[in-house]
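Opening my notebook for this one. I want to go from the whole model down to single residues, one look-up at a time.

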2 protein chains.
Amino acid sequence: MNRFFSETVKSLTPYVPGEQPKDGRFIKLNTNENPYPPAPGVERVLRELPAEIVKLYPDPEAIALRSAIADFYGVDPAWVFAGNGSDEVLAFLFQAFFGREDRIAFPDITYSFYPVYAKLYSIPFVTVPLRDDWSIDFSGYPAGLKGIVLANPNAPTSVGLPSMAIEALLRERPDTLVAVDEAYADFGGESVIPLTARYENLIVVKTMSKSRSFAGLRVGYAIGNPGLIEGLVRVKDSFNSYPLDVVAQRAAAASFRDRDYFFSMRDKVIATRERFVVALRNDGIQVLDSKANFVFASMPGIPGGEVLVYLRERGILVRHFDKPRLDGWVRISMGTDADMEKVAFLLAEMVRQRDGRTAD
Amino acid sequence: MNRFFSETVKSLTPYVPGEQPKDGRFIKLNTNENPYPPAPGVERVLRELPAEIVKLYPDPEAIALRSAIADFYGVDPAWVFAGNGSDEVLAFLFQAFFGREDRIAFPDITYSFYPVYAKLYSIPFVTVPLRDDWSIDFSGYPAGLKGIVLANPNAPTSVGLPSMAIEALLRERPDTLVAVDEAYADFGGESVIPLTARYENLIVVKTMSKSRSFAGLRVGYAIGNPGLIEGLVRVKDSFNSYPLDVVAQRAAAASFRDRDYFFSMRDKVIATRERFVVALRNDGIQVLDSKANFVFASMPGIPGGEVLVYLRERGILVRHFDKPRLDGWVRISMGTDADMEKVAFLLAEMVRQRDGRTAD
């Protein structure tokens with residue numbers, strides 16, 4: 001380890017994203033990307049944007065983009081913050097609201113970037129186990145927390161929490177900031193964005209990466225009351241005045257203006273997921289009820305790591321998390337119908353092989 | 001101030017970037033942008049990039065871009081880090097190497113983002129005054145520093161420091177990490193990139209915003225030994241795995257591959273600057289020797305704030321810093337020859353008006 005590293009950086013364990021293979025040999029179902037292209041307006045931005053504009057700084061406040069997001073949700077642009085992917089927005093959120101003088105909590109099984117942020121910013125945190133049915137047990141959260149961070153639907157389980165449960169939490173803990181990461185909520189989860197108007201202790205983070213096919217252009221956003229949004233702006237303006245480039249800002253605004261495309265692509269992914277879940281369950285594979293663009297599946301008797309290798313050898317990348325309670329599971333992102341038929345076929349074959357082995 | 005703000009964020013004074021007017025009425029000479037378009041390869045990337053690629057995450061390691069940068073400088077890609085503008089790279093650098101257990105230093109007059117980073121990350125710092133001739137006085141820096149941060153050429157003065165002075169510093173303080181911000185070095189400053197191979201306590205940060213007309217696409221980079229680069233990677237991977245989007249990565253690589261365009265645009269800006277400096281000095285305006293794409297100018301007897309307002313009323317934006325020793329000065333970015341002729345003409349007129357007033 002380099003002798004110049006700061007104490008914090010010496011002790012970090014960085015987040016490890018899913019593999020991004022450089023060649024196109026694989027069907028990539030490991031990082032929850034969308035199999036469909038972004039809205040046609042994105043292509044138009046790329047084709048028509050005068051290259052000369054690149055010589056000027058982008059709008060540091062991303063006003064046109066924030067207005068397009070605000071229009072989509074029927075809120076005022078002052079309630080919207082935009083950043084370089086929801087990971088950056090989350091990192092800003094941890095800094096804006098939580099410090100070494102505070103204590104925060106999140107589930108033991110959730111997006112594995114949360115403990116990384118907490119360590120990077122020296123924020124004391126506790127993790128609270130999910131129930132056996134994978135749901136979040138708010139009664140297990142200690143009192144006096146400065147913040148609770150949730151992914152809803154949760155990652156990597158895909159399990160959704162009803163808005164009512166979050167509303168009860170907001171009411172019970174008015175001095176705890178509840179940050180709800182809705183990266184996957186567009187695929188059937190219940191969004192708590194409407195509750196931001198009523199609860200000043202609620203902030204919602206979303207990404208364009210999944211439901212808007214925008215992983216490559218890095219746009220995430222947060223919605224909450226302007227007092228909270230100001231906290232994110234203060235961190236941004238102390239870090240990088242211009243986190244969103246001009247192409248990303250314009251392309252993202254174009255995506256938000258095209259409601260029809262968004263809903264039709266989203267519906268396609270949901271329909272594929274529902275068919276896939278039925279196919280897997282018919283083959284005796286355990287699949288959690290998913291509100292996301294991925295499913296969390298387990299083949300009894302076969303470790304998740306083995307499923308990952310088996311599929312990888314057959315040209316399909318999925319994700320496995322080497323963590324207690326998750327050993328038996330793999331997370332499979334939704335591709336096209338053809339992709340998912342192939343996966344379902346291969347998994348069925350794996351089940352038959354296992355049963356053949358058992359019968360020996 | 002919102003009650004949920006963290007203690008750090010409550011006490012922050014964010015950086016204030018130069019104004020980015022939404023309309024095109026102004027000649028913008030206030031944020032050191034380049035008046036010429038980026039390399040033609042950037043236009044080709046925008047026109048030809050398949051929009052569908054946006055659905056996939058970009059390369060988190062930006063290998064093609066880092067290789068293009070490495071080729072340009074004749075170093076190995078392992079010596080290069082790329083991030084979302086040099087502001088993000090600097091923010092990562094402060095976190096990677098400096099903590100609340102350390103002490104760092106930088107000049108009292110320099111890029112005003114350095115104290116903002118130090119406060120955001122609770123890094124104790126001292127500032128050391130520039131000499132009366134605006135040069136950096138290393139003898140005034142205390143012993144036992146974990147880091148010294150320099151802009152070379154310095155901002156907003158435009159004054160360059162010879163490599164030899166930095167090399168002496170590196171030798172004298174082997175346990176101090178010296179971070180040299182060469183945002184403006186391409187316009188005639190002496191780069192210390194060649195010294196990175198010999199001094200393990202040196203890291204250099206650069207931006208594409210100025211000399212490569214890339215402000216709108218947000219790409220900065222650092223060059224240093226792989227041990228130091230790893231520190232930046234650890235912070236990046238604990239913050240945002242993918243800070244550079246696919247368009248920025250590809251367009252930036254195209255820019256680095258076009259050496260001829262880079263050198264010819266750079267030479268044009270330098271030639272404009274030299275003509276502009278001569279014109280101003282002929283009119284009795286004080287101008288520091290500039291190694292940057294801007295000049296720092298003072299009209300004796302006229303406060304810099306007045307010069308800013310006078311030019312603004314005539315359609316030209318420049319920058320003034322409301323700080324001790326800088327009151328009498330304005331920073332003027334280099335535009336086209338026509339832009340600068342207009343500015344020189346207006347400033348000459350302002351001088352004549354002042355002399356007329358004095359004669360009354």
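**Entry 1: confidence.** What pLDDT does chain A average? I'm looking at a predicted model, so I checked this before anything else. Chain A averages 96, and 99% of the residues score at least 70. For the complex, the predictor gives an ipTM of 0.96 and a pTM of 0.97.

**Entry 2: how the copies are related.** I laid chain B on chain A and got an RMSD of 0.0 Å, using a turn of 180° and a shift of 0.0 Å along the axis. That's the relation of a two-fold axis.

**Entry 3: where the chains meet.** How many residues of chain B are in contact with chain A? I found 71 residues of chain B in contact with 71 residues of chain A. On the chain B side, these helices each give two or more residues:

- α1 (7-10) and α2 (40-48)
- α4 (85-97) and α5 (114-120)
- α7 (226-236) and α8 (246-257)

The largest share comes from α4(B), with 7 residues. Sorted by class, this side of chain B has 38 nonpolar, 17 polar and 16 charged residues. I also compared the two sides: 100% of the interface residues of chain B are interface residues in chain A too, so the copies meet through the same surface.

**Entry 4: inside chain A.** Next I looked up the domains. Domain 1 of chain A is made of two stretches, 7-35 and 260-354, while domain 2 covers 40-258. Taken over C-alpha atoms, their centres are 24 Å apart. Where they touch, 28 residues of domain 1 are in contact with 26 residues of domain 2. On the domain 1 side, α9 (259-282) and β10 (294-298) of chain A each supply at least two residues. Which element gives the most there? It's α9(A), with 6 residues. By class, I noted 14 nonpolar, 6 polar and 8 charged residues on that side of domain 1.

**Entry 5: the core.** Last stop, the nonpolar residues. The largest nonpolar core has 233 residues. Which residues have the most contacts inside that core? They are A:Leu93, A:Ala222, B:Leu93 and B:Ala222. I picked A:Ala222 and listed what it touches, leaving out residues up to four places away in sequence. The list is A:Phe81, A:Val89, A:Leu93, A:Ile203, A:Val204, A:Val205, A:Ile229 and A:Leu232.

Notes
Residues numbered from 1 in each chain as written. Chains lettered and ligands numbered in written order. Predicted model: local features only at pLDDT ≥ 70, side-chain atom pairs only at ≥ 80, totals over all residues. Core = buried A, V, L, I, M, F, W, Y, C linked by C-beta atoms within 7 Å. Buried ≥ 20, exposed ≤ 12 C-beta atoms within 10 Å, placed from the backbone. Contact = placed C-beta atoms within 7 Å. Domains from an automatic or database assignment. Helix = DSSP H or I, 4+ residues; strand = E, 2+ residues; numbered from the N terminus. Nonpolar A, V, L, I, M, F, W, Y, C, P; charged D, E, K, R; others polar. Least-squares fit on C-alpha atoms with pLDDT ≥ 70 in both. pLDDT = per-residue confidence, 0-100.
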